[in-house]
Amino acid sequence: MRSAPPEQEFRDEELLADVIVRLIGDARHVAVGNASPIPAAAALTARALGNGRPAVSLLGSARHTFFTDGGRELFDCAGQGRIDVFFLSGGQIDGEANINLVSVGDYRRPQVRFPGSFGSSYLYYVVPRVILFRTEHSRRSLVEKVDFISAPGTSPPGVFRTGGPIALITNRCLFAFDRASRRFSLASVHSGHTVEEVVEHTGFPFDRARHVPTTPPPSPQTLHLMRGEVARELHDVYPRFAASVFGVDRQRSG
Amino acid sequence: MPAAVRTIEEAIAPIIDGCVLLIPRESSGVAMQATRVLIRRGVKQLHLVTCPTSTLQADLLIGGGCVETIETSAVSLGEFGAAPRFAAAVTSAAVRVVDATCPALHAALEAAEHGVPFMPLRGLIGSDVLAHRDDWRLIDNPFAAGDAIVLVPALKADVALFHAPMADRDGNVWIGTNRELATMAHAAERTVVTVEKLSEGNLLDDELLAAGTLAGFYVEAVAVAPRGAWPLGLAGHYPADAAHLAEYASLAATADGFAHYLERHVHAQRAA
């Protein structure tokens with residue numbers, strides 16, 4: 001990771017957050033799960049850019065959520081179609097956008113155990129735009145076939161499904177996901193990385209155009225917002241992240 | 001049954017070996033001091049159910065050898081990484097995991113609180129979470145043809161245990177917007193609560209407080225435990241002790257380190 005930036009420079013986390021801000025686009029409500037500081041930074045930035053739209057719900061935060069009906073409200077809200085964008089990750093993600101948050105190897109006697117599926121086995125089906133986010137881009141994390149399906153990338157006709165994945169962001173690139181062909185395509189490669197490198201470190205096949213663009217840098221306006229009000233808001237939920245990326249300490253955040 | 005204000009040791013007496021113990025997610029109020037007392041007491045073979053996830057509490061109970069089965073949608077240390085004792089226990093088959101997903105646990109507890117046998121839930125179809133749940137069913141929606149939907153059975157717990165900001169002497173507990181704590185209490189045979197402080201008067205007499213209050217009718221016992229969620233935080237009261245949690249994550253990475261942590265922070269500490 002690069003260190004504290006002059007105005008034209010930006011950190012990797014800021015670029016990834018900016019990519020997510022663009023993917024969020026126009027939405028009414030963006031929800032962010034636990035332990036997701038970069039998606040949280042992106043959601044708060046989108047809200048700041050949109051003068052309060054979208055509504056943002058950060059799980060695990062008392063301040064940055066409007067939920068008053070306990071843990072069920074997020075899922076009820078999603079079930080009603082009131083959450084437009086959510087973020088999921090996976091210890092493994094495969095080429096059909098199946099995600100594995102459970103284990104590697106035999107389920108009953110795994111070699112590696114991850115935390116668990118969280119809400120993915122439900123939210124992946126009912127949130128229209130799910131953004132997959134996995135900073136580690138390697139053949140260990142992006143695999144041909146996941147060992148355990150916490151939630152499938154697509155479902156056959158007849159299965160109730162109003163949502164699913166639209167994209168996968170890693171520390172090297174942005175993939176778009178096409179539900180009809182059940183395949184990822186390489187949308188852009190981050191500055192400092194190459195298509196060859198992406199191919200080398202990806203365990204699944206994916207589509208790509210002859211010319212793949214470079215991921216555009218964050219605008220000065222976006223960086224200004226992220227490093228200012230967003231960083232201070234983020235400190236409430238992710239103090240370690242806000243301190244290490246944006247240099248926000250307890251005194252500045254109040 | 002009127003709730004009684006007791007010591008922590010007395011309050012947790014209903015949590016016996018082999019019982020189904022229901023605990024909340026970190027942000028809703030975790031009874032960590034009571035958990036340490038429970039580990040010192042040497043409770044065994046718990047069927048631990050998390051509503052719907054857990055962090056340090058489940059990791060500590062598993063590492064402490066108290067858990068036979070854990071029914072959960074995730075156990076991690078949040079910003080402090082993986083839950084090391086949970087992961088070690090699962091990979092060595094020392095604990096049985098019943099994998100769920102968050103809304104399935106909420107739905108199963110809601111079925112219990114409603115007194116109905118099951119609840120339907122969207123999603124899940126085609127997942128390995130469903131494939132490994134022999135106790136869940138896939139049925140056709142009886143109201144619409146060609147619409148498959150999953151049913152999860154009601155989940156009744158023997159004891160629910162959590163920590164809250166305050167209670168009164170009638171056992172009414174203020175839970176604020178953490179409404180799943182009420183669902184947990186409704187779904188459990190008995191509910192044990194530790195609180196930061198006792199409130200004078202009756203919480204139900206104040207309309208504003210009453211809206212965020214779990215009635216003492218549902219509460220078996222209340223024990224006062226100032227900073228009882230430590231080293232986790234209690235929303236609106238105190239933040240998590242980040243330095244301590246980082247130390248835990250680092251020590252618990254190995255069995256020896258965890259044993260050292262237990263000795264120092266659980267066994268060597270007597271209840272306040």
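**View 1. Secondary structure of chain A in the predicted model.** Chain A holds eight helices and twelve strands, helices (H or I, at least four residues) and strands (E, at least two) being DSSP runs numbered from the N terminus. Its radius of gyration, taken over C-alpha atoms, is 18 Å, close to the 18 Å from the globule rule for 254 residues, so chain A is as compact as a globular protein of that length. That rule is 2.2 Å times the number of residues to the power 0.38. The C-alpha trace of chain A spans about 50 × 45 × 35 Å along its principal axes. Residues are numbered from 1 along each chain as its sequence is written, with chains lettered from A and ligands numbered from 1 in the order in which they are written. In this predicted model, local features need pLDDT of at least 70 and side-chain atom pairs count only at pLDDT 80 or more, whereas totals for chains, interfaces and linings use all residues.

**View 2. The side of chain A that touches chain B.** Contact (C-beta atoms, placed from the backbone, within 7 Å) joins 39 residues of chain A to 43 residues of chain B. Helices H3 (72-79), H4 (120-126) and H7 (239-246) of chain A each supply at least two residues of this side. H4(A) gives the largest share, five residues.

**View 3. Confidence of the prediction.** The model has ipTM 0.96 and pTM 0.95.

Methods
Contact = placed C-beta atoms within 7 Å.
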